[in-house]
Amino acid sequence: MQISHHDPATGGPGRRTDHRTDRRPTGRRRRMLVRSAPMFAWLLADVVIVLSHRFVPEARWLMVHLLLLGAVSNAIVVWSGYFTDAILRGSDGHPRTDAAVLGLLNAGALGVVAGLVTGNRPALWIGASLVGLAAVLHAVMLAVRVRRSLPARFTVTVRYYVAAALMLPIGVWLGTRLAAVPSTSPAHPRFLLAHLALNVLGWVGLTIAGTVITLWPTMLRTRADDATVTVGRRAWWLLAGSTVLLAAAALADLRWVAVLAALGYLSGLAVIAAPLTREALTKRPYDFGTWSMLAGLAWWAGCVVAVAVELTTAKDLAGAVEGLHALTGPFAAGFVAQVLFGALSYLLPVVVGGGPSIVRRTTALVDRAAVARVVLANVAGLVFLLPVPSLVKVTTSMTVYVVMAWTIGVLIATVVTGVRLVRRRDSEPPEPPQDQDPAIRRRRSQGQLAAAVGVLALLVVVAGMVDPVAVVRAPSPRTAAAAGVPGAAAPAGVTPTGHTTTVAVTAADMRFTPSTIPVPVGDRLVLRVTNSDSKGQTHDLTLANGATTGRIAPGQTAPLDVGIISGSLQGWCSVAGHKQMGMTLSITATGPGATPGGAASTGPTGSMGSMGSMGSAANGQAATGPDAVWDRNASPAAGWSAYDPALPPIGDGTVHKATFTVKEAVQEVAPGVTQDVWTFNGTVPGTTLHGRIGDTFDITLVNDGSMGHGIDFHAGSLAPDGPMRTIQPGESLTYRFTATRAGVWMYHCSTMPMSLHIANGMYGAVVIDPPDLAPVDQEYLLVQGEQYYGPQGGVSDADKIAARTPDAVVFNGYPNQYDRTPLTAHTGKRIRIWVLDAGPNESLAFHVVGGQFDSVWKEGGWLLRCGQDPGRVSGGCTSSGSGGSQTLDLLASQGGFVELALPEAGHYAIVNHEMTLAERGAHGVLAVTD
């Protein structure tokens, strides 16, 4: 696209208006700036969501769509029209029609966002229809401009724009189908891949491809390559055809056709890359705009290569689409955002105009810290893709977002400053001298490069220090010599064979495959461990000598150089509870000189003993030592307070929104006992929800822990595949359900091993009142749980959980706490006690010593209702009846409630009448006064 008086593509005169030297503030420029305002609004909204994503439902979807559907789509509509007018040397287009298209686009985008976030299907469909209509009108207007104009050299660019705009309505329609089709449906991955193909590779990719073939030489201020037009025509057929073919192959579930389509798209990119490369070699990139554009184009190619590889190596199309989720960030931030920012960094100073002096000032402003911004964004993005600890991933991703926000601020400041200078042009001070010394500019660039790399390295190191469990631990020299780890000499008496045995190991679904690895004595063993867990769990491989891969995120691969083998060696996943679930591995030494089991007895971990002592990454290292012991005569620590047993009231309205944040922290769980508990919102049990039949619960789960967690609400009935999936640290999901049946429903962590996650504190209750439930004077909730102590400060002992030998059984997370802080009631007043058995193992025989239940409700129905007389009033029954109940019996995950009124003042014990469990802490007191 040529926008200056001197046309780089032809070497001759361009348009009559010189955008770099004309001082007159034209109406067209004002319109361009006004039309760009929605784009900046969407960008700022995206920044807000990024900063607050832990508290926003559907945050990940919003971060991507506010950028692509909102900001980028606005930029495409605005600037493709601008480029079309410049290429065709026509008028200023059709301002009213262009404004109408922008209005439809933004109204539709708002409808799509609001509809998806709130679950309002009509709003989603109406919004999608408006977006599609805007795209069709945009395509028609561009085609009309081409038809009415004289032939132009770069008309092929407009062909890209029209094809891209016609793909968007279909892509948006597929997005609405995605919202309607369950994630478990076989059609879901097909719709998703087609949606991504048409919207990302088509609507966005084709537009960028058509723009870059003419904008790139203009940004470099060099002549366009002679083959640009021919190349552009050839590439159009490859890119547009491959995009349509990929979408069709996805819908038809033809994986190998999809592979061919991806390769065809890559071929189109390669065709375009040839003239762009020649132009870059003629005039090398030198400022933020050109370097950001170049980096974005490189990410584009890399992402398409990754798509082709994923489609080729996956077992089926659904598996490939699952693997493509990891490319969302690289596509959005690496490719699209960087190309957008690069183009705007060049175009905005030009559009603001004001003459050479002002353009130089605004260009200098947009280029501030150019090297630092480009290096930080791209190096952080590359580190994010490596198999690094989760906290390092969080740090690098936030670095990319900070640079994006920084660049948005720079662009806005550029426009504001330029407009101000244009308005004050007559009184502006003389232009300050410009430093054009190449040596000085080179030194400044080198300084920014060093500073950016240094800052990023410091952030990564600090993140690794905070999360050291996830970082590969180096074994001691003695261990290295014994087991033959990298860089160590061969163990004594072992002659190296000089041969390396390399084995690919898969960690998935609580198993290592293969689980037994025979290796000849003297061989060096190298393992390549890939986490292919279908439930999204993080794993590692830790050997008995202390060598470890560190934590491996789903879809990632980590190498482990075991070294020269002298004897058999055992390994396991050190994530708490995974070893007990069967994640073990044996390295078996074969041949003469093998010492079975010898290597496994050395090293910092000692032996292959109980993994119950393994702490989580939350406390920085694994807790060791003997298991903690609860001293029944000890008192709680200073500042301790009992968990409030009162059932919270039902909130206003029928939609209840809440955020459940996973937190891992060392807490006192019994007098003198501290454990590294995993919680929902910091308490055990987690936050209690209370509602009525028909109420909707909109829960945002945020994982602020150090490992994967999920959640399962028994109060809702829906397919578990999506909302109950395991999410990694730093991620969030939205879990929506409607309460259709009454009960006291359990919720708990859905990540395996569930027994460990529940025992370690990840459970709570949802109370849904029966429709005819009468009011009472006092209403309590007691949730029974079990404690299996590891070492002080450690997590629960998974071996004890498997053996069903709890150290304590508790009401509301702490043994005997209601002996110290009793529940209260008054004589003759009606009390309702909701009871839930959260398990994970033991049953509950709920009994109030000295009391009798005249009403019992269990698992959805009345067992006893005021002496079997349904008529009653607040405070008692209309008839005394002759029946009563002494015990509410519940198995793990069952719940109900009892009602009673006590005639005399006194202290009534609340117990689990499986008395050995009451003696382990399932005991409290109900203090009744007159």
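## Helices H5 and H7

In this predicted model, the axes of helix H5 (residues 155–180) and helix H7 (residues 228–252) come within 10 Å and cross at roughly 10 degrees. Axes are lines fitted to C-alpha atoms, for helices over the stretch in contact, with angles from 0 to 180 degrees between N-to-C directions. H5 and H7 are therefore roughly parallel (an angle under 35 degrees).

H5 contributes Val156, Arg159, Tyr160, Ala163, Met167 and Leu174 to the contact (heavy atoms within 4.5 Å). Among the H7 partners are Trp236, Trp237, Leu239 and Leu251. By class, twelve residues of this contact are nonpolar, two polar and two charged.

## Cores

The largest nonpolar core has 141 residues. Such a core is a set of buried Ala, Val, Leu, Ile, Met, Phe, Trp, Tyr and Cys residues joined through side-chain atoms within 4.5 Å. Trp79, Tyr160, Trp300 and Leu311 touch the most other members. Helix H6 (residues 187–220) supplies the largest share of this core, 20 residues.

Tyr160 also belongs to the H5 side of the helix contact. Beyond its neighbours within four places in sequence, Tyr160 contacts residues including Leu206, Ile213, Trp236 and Ile272. Another core, of 59 residues, lies apart and includes Val521 and Ile727.

## Whole chain

The chain holds 20 helices (DSSP H or I, at least four residues) and 29 strands (E, at least two).

## Basis

Residues are numbered from 1 along each chain as its sequence is written, and side-chain values use heavy atoms, without hydrogens and water. Local features need pLDDT of at least 70 and side-chain atom pairs 80 or more, while totals for chains, interfaces and linings use all residues.

Conventions. Parallel < 35°, antiparallel > 145°, perpendicular 65-115°, else oblique. Nonpolar A, V, L, I, M, F, W, Y, C, P; charged D, E, K, R; others polar. Buried < 20%, exposed > 50% of the residue type's maximum accessible area, 1.4 Å probe, protein only.
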